[in-house]
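Hi there,

Here is the structure I promised to send over. Have a look at it first, and then read on for what I found.

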Amino acid sequence: MKNPIKITITGAAGHIGYALAFRVASGQMFGPDQPIILRLLEIPQALSSLYGVGMELEDCALPLLHDTVLTDDPAIGFRETDYAILIGAKPRSKGMQRNDLILENAKIFAMQGRSINEHASKNVRVLVVGNPANTNALIASANATDLHPRQFTSMTRLDHNRALGQLANKTNRLVADITRMIIWGNHSMTQYPDIGKCLINGTPAYDLVTRDWVIDHMIPRIQRRGAEIIEARGLSSAASAADAVVDHVRNWALGTQEGDWVSMGVASDGSYGISEGVVFSFPVTCKDGEYEIVQGLGLDNLDQSRLKTSEKELLEERAIVKDLLPKGR
Ligand code: NAD
Ligand code: LMR
């Protein structure tokens with residue numbers, strides 16, 4: 001039997017956390033032979049609800065779940081943790097943009113970055129989901145002054161999966177037939193869902209769909225999908241977000257498929273001309289718990305201007321939260 005790995009989920013009594021905890025504990029993230037210790041972190045007002053989640057986990061009698069810690073103390077929640085999934089934050093409601101949440105949510109990630117720095121495993125991997133996710137990941141990373149920015153990522157896998165779903169429907173193929181999808185940029189309206197490198201059973205996607213469909217329908221639909229779901233449900237996406245968390249962490253930890261890549265928000269190293277440090281979604285391959293940005297993809301002028309638009313938005317968000325970023329990070 002392998003040693004258990006410790007996984008912290010913040011906001012574990014919330015909608016995404018509730019959908020996620022059971023999937024992680026049942027082995028869908030790390031596989032059927034990997035025992036898990038869950039550390040579920042909430043705010044004091046949500047502790048009663050969190051205890052209910054704990055009872056339900058107990059009632060599942062999951063063989064891989066070796067222990068569950070329920071707490072409102074970040075020092076306990078992040079203690080020696082191997083993976084920290086930062087979901088706990090306010091979601092937007094109808095009519096808001098995700099970065100309208102920036103001032104309310106940013107402080108949470110500054111505090112949690114410091115706490116992760118102090119209490120988590122030195123090899124911890126962090127995924128930020130709470131919005132605006134890219135800039136919150138930057139804030140958490142900047143406040144974890146002893147950890148490397150490569151240990152912090154933000155989630156655009158939901159956008160990636162949404163784009164796969166739209167393309168599969170349009171071409172009447174299976175999602176499993178499609179490789180090399182890309183989400184560039186911010187998890188926001190400026191993101192660029194790029195099917196220019198996609199292959200569908202080896203055929204370029206652009207041989208099977210028209211440019212008009214991509215520009216007039218697919219790209220805006222993915223950019224607005226979060227709002228479309230809020231409009232329909234009255235609540236933001238939860239099960240699909242939890243599903244994307246499982247995909248993101250599983251690929252980061254266990255690797256991506258040969259010949260394919262995934263989209264992750266990662267600290268820019270200057271690739272594709274994007275300012276260093278901002279957390280920007282790139283295509284990445286993963287192996288042995290490390291990611292590499294896919295290099296050398298050709299981008300035309302329109303592609304480049306879309307990347308620049310998203311970069312500009314991220315630089316503006318960084319300027320808004322500059323007081324929460326320790327100097328030099
Ligand atoms: P929710 O309101 O249902 O749950 C949030 C939970 O976080 C609540 O239980 C709350 O008590 C808890 N919380 C708040 N502050 C906390 C803190 N400091 N520490 C620990 N827990 C805390 O919201 P939700 O639907 O689960 O969404 C959570 C966040 O995820 C939102 O910001 C939402 O916009 C974002 N989101 C991101 C993506 C993405 O693709 N990146 C997708 C969906 C939702
Ligand atoms: C999503 O993309 O569904 C989430 O980021 C929630 C939102 O506010 O759109």
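Let me start with ligand 1: one of its oxygen atoms sits 3.0 Å from a polar backbone atom of Ile 16, where a polar contact is a pair of N or O atoms within 3.5 Å; within protein, one must be able to donate a hydrogen and the other to accept it, and residues adjacent in sequence count only if both atoms are side-chain atoms. On its own, ligand 1 exposes 860 Å², and the protein buries 87% of that (accessible areas come from the Shrake-Rupley method with a 1.4 Å probe; for residues, only the protein chains shown count as cover).

A word on the background: this is a predicted model, in which local features need pLDDT of at least 70 and side-chain atom pairs count only at pLDDT 80 or more, while totals for chains, interfaces and linings use all residues. Residues are numbered from 1 along each chain as its sequence is written, chains are lettered from A and ligands numbered from 1 in the order in which they are written, and side-chain values use heavy atoms, leaving out hydrogens and water.

Back to ligand 1. It is surrounded by 26 residues, the closest being His 15, Glu 42, Lys 90, Val 129 and Asn 131 (a residue counts as near if one of its heavy atoms lies within 4 Å of the molecule or strand). A backbone N or O atom of Gly 14 is 3.4 Å from an oxygen atom of ligand 1, and a polar backbone atom of Val 129 is 3.2 Å from a nitrogen atom of the ligand.

Val 129 itself belongs to the loop between β5 (125-128) and α5 (133-143); helices (H or I, at least four residues) and strands (E, at least two) are DSSP runs, numbered from the N terminus. Val 129 is buried, at 10% relative accessible area (buried means under 20%, exposed over 50%, partly exposed in between, with a 1.4 Å probe and protein chains only). Leaving aside residues up to four places away in sequence, Val 129 touches Ile 16, Ile 85, Leu 86, Ile 87, Met 155 and Val 245, a contact being heavy atoms within 4.5 Å.

Which polar side-chain atom lies 2.5 Å from an oxygen atom of ligand 2? That one is from Arg 92. Arg 98 has a side-chain N or O atom 2.8 Å from an oxygen atom of ligand 2, and for Asn 131 the distance from such a side-chain atom to a ligand 2 oxygen is 2.8 Å. The protein covers 94% of the 260 Å² of accessible area that ligand 2 has on its own.

Asn 131 is also joined to Pro 132 by a cis peptide bond, with omega about -5°. Pro 132 lies in the loop between β5 and α5. In α5, 11 of its 11 residues are buried, and they pack against elements including β4 (83-86), α4 (102-119) and α9 (301-320).

Asn 172 is not a glycine, yet has a positive phi of about 60°; Asn 172 is exposed, with a relative accessible area of 71%. Arg 180, in the loop between β7 and β8 (182-184), has a positive phi near 65° and is partly exposed at 30%.

Best wishes
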